[in-house]
Amino acid sequence: MQGLNTESLKKFKTNAKKKGFAQNIVSASELGLDLSSLSKAAVQVVSTLQKHKFKAYLVGGCIRDLLLGKKPKDFDVSTDATPEQVHRIFSNSRIIGRRFKIVHVVFSGQNIIEVTTFRSNSTAKKGKVNPTRVSAESGMLLRDNVYGKSIVEDSQRRDFTINALYLDPVKKEIYDYNGGLYDMQKGIIDIIGDPDTRYSEDPVRMIRALRFSAKLGFKLSKRTSDPIKRLSALLLEVSNARMFEEVNKLFITGHGYNSFKILRKYNIFELLFPDAGDFLDNKSYIDFVEYALSSSDKRYAENKRNMPHFLYSVILWGVFQNNVFRLRRYSESMVSPMEDNDIVRLALDSVFDNQDKVTDIPMAVSDSIKSLWRMQLVLQQIELLKDYDEVSNRTIFRAAFDFISLRAKFEPYLATCVNFWQPYYVKSAAIAAKRKALKDQKYQQKFSNKKKSKKQKGPKNPATEGFEDETNLSAKRKEQLAKAKAWRASMNLGN
C-alpha cells in the first residue's frame, strides 16, 4: 500500500473503534491501485445500478487483493437495491439463497458477479421483533434479510475489517469505516463488533478468521483470537453441507499446510475431523499430512486443480487403516470369521458415517475415496494377483499409484510395491496421454468443421435464425412459422 501515513491510519482505526465507525475516503491513485485488473462485468454491474439511482460498490476480497498487489479473482457487489430490484434490472440474473438472499448476475463464460443488498444491524421496528432476522437459542442467525439503507450499516455486518473495504470503480475511491486500511497495512485480522456476539451469530466466522490468517499470513488480533477455543463447539451446530464447503476452502485453495497448522493450534482440527483427531500425537501421521498438503499447495500455485477426494483420502487414511486393523482382530476371535471384503466395507462405512456428521461428503466424492482406498489394498497384494494388466487398466489405478507412492515416503516397506507397479504406471500414463491427444484432435476437427459450415451458409439473418427447415413441414406448421417470421420482422429483429 502506498501513499498513506501509518500513524494517521492508526488514529482513524482508534476513532472507528470508539465511535463504532468513522469515515475514511481515499482515492485509488493515492493507494497506487491498478484498477485495470478489475472485472469489466463487475464494473458494469456497479455502473448500471448507479445509473438506476442506486448506491453500489465493489466489496471484500477483490479490494483486499488489489491492496496486496494481486490480480482479483472474485468480485462481489454491495448495493442498497433489494434482490428483487436487482433482478428486475438484470435479465441475466437469478435470486438464490434462503439464509441470505443474494443475486447472481451471469455473464458469458460462467462469469458470475454476486450482488448483495446492504445489511442492517437493526433487530426490531417500533419495538417489534423483525421476522426477517431469526436466531437460534445459541445466538446463531438462521435467517437474516434485514436490509440496510447505507454503506455504513452494511460495513457493520461484515465479519472482519479487511473485508469491509468498499470501492466505487466509477469515482475510483475506497471507503473505510472500521480501520480496514490500517489492518491491511499492519497485516492484522480484526473482527468487527463484539467477538462473542459475532461468532455466536455465525460460528463459521471462526474458521474464516483462521483461513484468512493461513492464506494471507496475517496475525489475528487478541480480541479476535481469544474467544475461538472457548466458542469452537458452536461449529458443530453449523450444517454439515456448509462445513464441507468451508473445509474445502481451508485445504485445497493453496494454503492447506498453513491451515492444518493453525487449526491444530486452536484445537479446531479435531472438531472438523473427530476420528482423525486421535492421530495428532502421531508424528508419522502429521508428517504424512503436512507433506501431502504442501504438495497440493504447490499444485495450486501452478494453476493445477486440487480435488476434495484427495484431501479426505489423506486426512482420513489413518482412520480407515485403524478400522480395518481392529475389525480384522475382532474377526479372528469369531467362530466364523468375516470375509475380508466385509471387513473393508464395514471399515469404510464407519469412516464416512462419523465424518458425514460434521462435513457432508457428496456421494461422488466418497465413492472416489472408497475406490482409492480399496485399490491400496489391491496394490499391496502383489503375490495374490493373477492379472496385473487388468489392475493397471482400471480407471482408478494411476490415482491409487500416486497415493501409494506418497505413502511410501513415510511407510518404507511400500517401496518394493511402488517399484513393482512403476512400469505399469508409465504404460498406463502413456496410453492415457494418447487417448487425450486423440480426443483433442477429434474436438479440433469437429470445431473446424463447424466453422467451415458456418462460412458456407453465409451470414445469419436474426429474423429467421433458429427456425426449422421448411422442407416436408405440414401446412399448419408452415403457417405458424410464417406468422412468427412476420412478427420478428415487424420487431426489426432482422436489423
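Analyst: A residue counts as buried under 20% relative accessible area, as exposed over 50% and as partly exposed in between, with a 1.4 Å probe and protein chains only. This is a predicted model, in which local features need pLDDT of at least 70 and side-chain atom pairs count only at pLDDT 80 or more, while totals for chains, interfaces and linings use all residues. Residues are numbered from 1 along each chain as its sequence is written, and side-chain values use heavy atoms, with hydrogens and water left out.

User: What share of the residues of the protein counts as buried?

Analyst: Of its 495 residues, 43% fall into the buried class, whereas arginine 230, at a relative accessible area of 53%, is exposed.

User: How should I read a pair of aromatic rings, and how many aromatic pairs are there?

Analyst: Such a pair is described by the distance of the ring centres and the angle of the planes. Rings of Phe, Tyr and Trp (its six-membered ring) pair if their centres lie within 6.5 Å, and planes under 30 degrees apart are stacked, over 60 edge-to-face and the rest tilted. The count here comes to 27 aromatic pairs. One of them joins phenylalanine 397 and phenylalanine 401, which are tilted, with 6.4 Å centre to centre and 35° between the planes.

User: Where do phenylalanine 397 and phenylalanine 401 lie in helix α19?

Analyst: They are 4 residues apart in this helix (residues 397-408), and therefore separated by about one helical turn. Phenylalanine 397 is buried at 0% relative accessible area, and phenylalanine 401 is buried at 3%.

User: Which residues do ring pairs link into a cluster?

Analyst: The cluster consists of Phe288, Tyr291, Trp317, Phe320, Phe352, Trp373, Phe403 and Phe410.

Key
Helices (H or I, at least four residues) and strands (E, at least two) are DSSP runs, numbered from the N terminus.
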